Amino acid sequence: MKNIYIIVLSLVIVSCQNQGKMEIQKAKQVSIDSMKQVSADSMTAEFEKQKVVDSMQIEMAKVEEAKIVTQKEVVVVNHQAAANTTTTTTTKKKGWSGAAKGAVIGAGVGAVTGAIISKKKGQGAIIGGLAGAGVGAGTGAIIDGSKK
């Protein structure tokens, strides 16, 4: 009877060990398969990225080619001027720059605000005018820069 117990126990132990080895092998295979799938997915993503990059390069080449074509078009007009022809040129006034306008407006607003807020009206107007002119000139210069 003891022999039967020992044989059954040894069969159970051996079968459990084989079962564990098979589970480990299956886990390894699942891991390898998932890595292959991730690799295939990343390759697909890489192909898509490359396709987008290639299409962008083609479009940029077309744009550059269009620029070259438009630069090659030159029109030359040659007019013979009459002997007694007078030409009048009108020059457009430049006007005030944004910085100058901002400085004047800022100085006015700053002077009025400084006079209202300060107890010493003259000193407050001077300080406010100077501060307002500085801020206005800076703001006008920024606006001029953004227009260009």
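Select helix H2, residues 98-117. This helix has 20 residues and reaches 28 Å from its first C-alpha to its last, close to the 28 Å expected at 1.5 Å a residue. The expected span is 1.5 Å times one less than the number of residues. Helices here are DSSP runs of H or I with at least four residues, strands are E runs of at least two, and both are numbered from the N terminus.

This is a predicted model, where local features need pLDDT of at least 70, side-chain atom pairs count only at pLDDT 80 or more, and totals for chains, interfaces and linings use all residues. Residues are numbered from 1 along each chain as its sequence is written, and side-chain values use heavy atoms, with hydrogens and water left out.

Which residues of H2 are buried? Pick Gly98, Gly102, Gly106, Gly110 and Gly114. Buried means under 20% relative accessible area, exposed means over 50%, and partly exposed lies in between (1.4 Å probe, protein chains only). Now look down the axis of H2: the buried residues fall within an arc of 100°, so they line one face of the helix. That arc is taken from the directions from the helix axis to the C-beta atoms.

Next, show helix H3 (121-147): the buried residues of H2 pack against it. Then turn to the face of H2 pointing away from its buried side. There you find the exposed residues Ile105, Val112 and Ile116.

**Back to the loop**

Select tryptophan 96, in the loop between H1 and H2. Is it buried or exposed? Tryptophan 96 counts as exposed, at 55% relative accessibility. Leaving out residues up to four places away in sequence, tryptophan 96 touches Lys101 and Val104. A contact means heavy atoms within 4.5 Å.

**On to H1**

Go to isoleucine 4, in helix H1 (residues 2-72). Isoleucine 4 is exposed, with a relative accessible area of 52%.

**Zoom out**

Show the whole protein chain. It has three helices and zero strands. Of its 148 residues, 7% are buried.
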